[in-house]
Each structure stands twice: as C-alpha cells, then as structure tokens.
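These are notes for a colleague who has the coordinates open. The points begin with the packing and then turn to the overall dimensions and the backbone.

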Amino acid sequence: MCGIIGVIDRHKQKMNGSGIKEALSLMNERGSGEGAGYAAYGIYPDFEDCYALHIFFDNLVEPKSKVDDIIQKWGRIVHQEEIPTKEQPNLKRNHVPWRYFFKPYTDLMPGSLTPDEDIVKYLVMEINSSAIEGALVFSSGKNMGVFKAAGWPEDVANFYKIDEYEGYIWLAHNRYPTNTPGWWGGAHPFNLLNWSVVHNGEITSYGTNQRYVESNGYQCTMFTDTEVVAYLFDLLGRHHELPSEIIVKAMAPPFWDEIDEMDDHERALNKAIRLTYGPALMNGPFAIVVATHNGIVGFTDRIKLRPLVVGEHGSRLYISSEEAAIRTMDPQVEDIHMPGAGEPVIGRVVT
C-alpha cells in the first residue's frame, strides 16, 4: 500500500508545496488517514548554515526545558519558534511541533572528521532514546525540514501550511500502517541530518539491518524499517562516502547467479559489495525514495514487489508509486517509464 512521491529540480528552481500536496492526495486510496508527511529542501534560506531541528513536544514545559539544556551544552540556538500551523477539523493535534535553528560547537567532538554532523546525530539519538520523555526529534538537516502527522495528506499539508514553503526537492508519503500503529512520529518521511526516506512496503530483514546500524553507533528507537533505511544511508553515504549507485547495490544487490554471469570487473565489484555489506542487504517487498541536499534516489527490492514509476520534464525528475500522481503535479511530464527491479533512479543537483 502506501503512496510515495519525490521530485527534484536539478537546477534548484524552487517549487511551492501545493503541487506535491495535490499529487499525494491523489493517492489517498494507498493510505488510511493515519499518517502523511512531506520533506522539503531549500526552505530555510535565512538560516541555511544552521541545522533545523524539528521536534514534537508533548508540552512546552518540562520536556522543552530539558531539550533547551542539552542543545545549549553542544552549541548555540540561533533562533527558535513553534512551527506555524493551522488547525484542521479532521486532524487531532497530539504534539506541539517546534523548530530550533542550531549551530554546534565543533571543538566538542575531537577526532571526528565531521564534528558538527556527529554532534547533531548524537543529539537526535540522545533525545529520542527516551533520555527526554515527551520530546521527539523528527527532522535535523540543514536548510530542509520534515513535516508529518497522523492524518490524510491534504489535512497534514494544510495543517503545516505546506503550500507556503518553496523547495527544490520534495518528498511526500501517504501511510497505510502495518507493523506499527499510526502516530505522528511513525509517519514518513524518516530523517537524520540531510537524509530523508519515504517507503512503501515491508523490509523483512529488519532485525539484521537494525543490529548492523546499532553496531555502528545508531539507536533504533522507532522500531520501524524505514528508520533503519535512513540510518543505513547515513552510515554508507556519509561515513563510508559511497555514491548512491553503490549504496543501492549494497541494499538491493543482484542475485548470486546474476553476479556469476557478469564480466570480470562487474563480477568482482558486486561480489566485494555483497561480502562487505551483507548486513545492509534488505529483503522483502519495498519501493523507496531517499533525498539528501544534492539529490534523490529511488529503487525497489530485487523482484520489484512494489510499484515505482519515473518521469521527467526539463530539469525535473519525478519518482512515484503512481503515474497519475506525477501527471497531477506536472501534466507536461515526459519519458514515463518503470525502472527494473533493484535499478537505481538518481537525480542530482547540477552545479
């Protein structure tokens, strides 16, 4: 089930959120009204050098004061405010969405090659691992943000005033909860730093993937497979500096008999990836779109048990569960096609 859509303008021309709201709402039959969300890149130009920490608070008293204390130990709060919202009759407000614009003190992470990112990752893990009850960090990247709640796509979009934001990359997700209940934190996209993930399906290798990321310093507090995908991309993409093509080969690799039929170079490459990154291999039916500040990548499982459709128009690349959703967002879209099983579809910012 679940409806997903992602779009990038490779020249960083911005799109307001009205188009993707309409596209996601078209896929309402793929959800159940228990979760929807949006991720947008380039939306905070006034604070582009700050990490935008989006946090759900149960209340603005005890949990917020504790979050203020821990954040200010690790850096400077440049600005903070409640995320602007508009009440919706069909959406029950369960949390207060708040945002901090934050600059880490990088000298507090000696030995790290990416001290500011490691500080933000530490804060996300520390707050979300129940160290502070009543607070949940659900977005932590630079010049981007995730907006999500338990509700239908149009209600969630209207609640957060999505059509007032402008971004050059957008992701959106309409959730049909299966293994975990529908709640604000369980809605997609899942995010860590600049990585955001929307996902349709089920990853049956969750236990193996969870143990792998946790052995590398991540804490899985949400107990959903999509959270693990976000951490896998951060581990392989940021720490190991693998390009998206190789990350997809690690997560959805060719079968061994297919590798045996490759030429020498491809066989050696794919064999090395499978042996090195075996715990990152994902089984089960899935279609995924992942975004970071410089691009998006979409791919499916190795048998393609979930749909994925691609379209292009000028500098824009669309990836979605449904062709109709893409055409709703861009009636002039061209080159509609369906990628093969495990085949990565990649759109990068042109600089």
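1. The largest nonpolar core has 59 residues, and Ile 5, Tyr 38, Tyr 160 and Trp 170 touch the most other members. A nonpolar core here is a set of buried Ala, Val, Leu, Ile, Met, Phe, Trp, Tyr and Cys residues joined through side-chain atoms within 4.5 Å; buried means under 20% relative accessible area, exposed over 50%, and partly exposed in between, with a 1.4 Å probe and protein chains only. Strand 3 (residues 36–41) gives this core its largest share, five residues. Helices (H or I, at least four residues) and strands (E, at least two) are DSSP runs, numbered from the N terminus.

2. The model is predicted: local features need pLDDT of at least 70, side-chain atom pairs count only at pLDDT 80 or more, and totals for chains, interfaces and linings use all residues. Residues are numbered from 1 along each chain as its sequence is written, and side-chain values use heavy atoms, with hydrogens and water left out.

3. Contact means heavy atoms within 4.5 Å. Beyond its neighbours within four places in sequence, Ile 5 is in contact with residues including Ile 20, Leu 24, Trp 170, Ile 319 and Met 329. A second, separate core holds 56 residues, among them Val 197, Phe 233, Leu 242 and Phe 286.

4. Is helix 4 (residues 153–160) largely enclosed or exposed, and why? Six of its eight residues are buried, so helix 4 is largely enclosed by the rest of the structure. The buried residues are Pro 153, Asp 155, Val 156, Ala 157, Phe 159 and Tyr 160. They pack against helix 1 (18–26) and against strand 3, strand 4 (51–57), strand 6 (96–104), strand 8 (144–149) and strand 10 (169–174).

5. Ala 150 lies in the loop between strand 8 and helix 4; not counting residues up to four places away in sequence, Ala 150 touches Gly 33, Glu 34, Gly 35, Leu 91, Trp 183 and Trp 184. In the loop between helix 4 and strand 9 (166–167) is Glu 164, which counts as exposed at 62% relative accessibility. Glu 164 and Ile 43 are 121 residues apart in sequence, but their C-alpha atoms are 9.7 Å apart in space.

6. For the whole chain, there are 10 helices and 18 strands, and 58% of the 351 residues count as buried. Among contacts between residues at least 6 apart in sequence, 73% join residues at least 24 apart.

7. The backbone has several points to inspect. Most residues other than glycine have a negative phi, and most peptide bonds are trans. Cys 2, in the segment before strand 1 (3–9), has a positive phi near 45 degrees and is buried at 8% relative accessibility. Asn 143, in the loop between strand 7 (135–139) and strand 8, has phi near 50 degrees and is buried at 16% relative accessibility. Lys 161, which follows helix 4, has a positive phi near 55 degrees. The peptide bond from His 188 to Pro 189 is cis, with omega near 0 degrees; Pro 189 is in the loop between strand 10 and strand 11 (190–192).
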